[in-house]
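Please walk through this model with me.

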Amino acid sequence: MKLSYFQLLSNDPINIGIGHIKIPTVRDRREIGEFEWWKYAIYSGMTIDNYFEAFLPDKYEEFLATPYEQRIKVEIYDLLDLASAQVYVDMFNFFFEEHVVFDIPTKEFRLFKYISIKNEETDETEDKKILVGRITRKSFQIVLDIIFQITNMNKEKSLDDELSKMNEEKDASMILFLKKRKDAKRKRQPKHVKQDPKYDIGNILSIVSAYGDNGLNCLNIDDVTIPQLYDQFTRIIMDRSYQLGARNVSVWGDKDKQFDTSSYMININEEN
């Protein structure tokens, strides 16, 4: 389910039928910390292969050896145990307005809301828990996709992130090659991969506060949602590029007609 640009830039929770997904603000992200934020972002975009590497590394080889027809039918939801389910419970409770618990007998996530009911006999108010929705195998990946879009991470998955989706009869040599490449990459990869400082969340906040002609500053930017922040950051970069191009055209002309006068109107959400 791809969210519309209108939905992504809204301040209101997104009603997905089984509950309401909140769009976190800068303040929300700061409160849980960067470690938790990136953990949720990564788990919401996991492939089957990523899941095995994170939670079931000892069973990954065995899984890749199963017939292709069986392998492609397996979803992350099928592999959940109490430990991994709790990770998703924590994530869902951060993003949903409702309270989420994992029901072991039915192996489903249940969403509850609390309403206050006045007891006519005692004249006291009591909180009652009401079941409003369920996240099942059918809706689990849809919910994750929505959360993944909100976190603003790159949705593209590389081939070696989805080995289990490849047919060994047709791609046996490719699977072996990609697996060896992935193993080698894992061995040489440093424990802490340093992020490009230009795209650090703090630097983005600083740029939007300093250069955005939108009334945002360090005193009120905490109330902006994460999608709104990245949208404004992208628009600032686009506008700087547009203004530079327009200035060059005004001085040197545009004989080859390469300058697009409407480039500043690109729909960012459609481009991603």
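At what angle do the axes of helix α8 (residues 82-95) and helix α9 (residues 137-151) cross? In this predicted model, the two axes come within 12 Å and cross at roughly 60 degrees. Angles of 65 to 115 degrees would count as roughly perpendicular, and under 35 as roughly parallel. α8 and α9 are therefore oblique to each other. The crossing of α8 past α9 is left-handed. On the α8 side, the contact is made by Y88, M91, F92 and F95. α9 contributes F140, V143, L144, I147, I150 and T151.

Now take the whole chain. The protein chain has 13 helices and 5 strands. It runs to 272 residues, of which 37% count as buried. Consider the contacts between residues at least 6 apart in sequence: 64% of them join residues at least 24 apart. The accessible surface of the protein chain comes to about 17,300 Å². Carbon and sulfur atoms account for 52% of that surface.

Next, helix α11, which spans residues 201-211. Its N-terminal end is capped by D200. A side-chain oxygen of D200 lies 2.9 Å from the backbone nitrogen of G202. Within α11, the residues I201, I204, L205, I207, V208 and S209 are buried.

Last, a loop residue. T47 sits between α3 (34-44) and α4 (48-55). Is T47 buried or exposed? Buried means under 20% relative accessible area. T47 has 5% relative accessibility, so it counts as buried. The T47 side chain also makes a polar contact of 3.0 Å with the side chain of N50.

Technical notes
Residues numbered from 1 in each chain as written. Predicted model: local features only at pLDDT ≥ 70, side-chain atom pairs only at ≥ 80, totals over all residues. Heavy atoms only, no water. Helix = DSSP H or I, 4+ residues; strand = E, 2+ residues; numbered from the N terminus. Buried < 20%, exposed > 50% of the residue type's maximum accessible area, 1.4 Å probe, protein only. Polar contact = N/O pair within 3.5 Å; in protein donor to acceptor, adjacent residues only side chain to side chain. Contact = heavy atoms within 4.5 Å. Areas by Shrake-Rupley, 256 points an atom, 1.4 Å probe, with all protein chains shown as cover. Axes fitted to C-alpha atoms, helices over the stretch in contact; angles between N-to-C directions. Parallel < 35°, antiparallel > 145°, perpendicular 65-115°, else oblique. Left-handed = near helix turned anticlockwise from the far one by under 90°.
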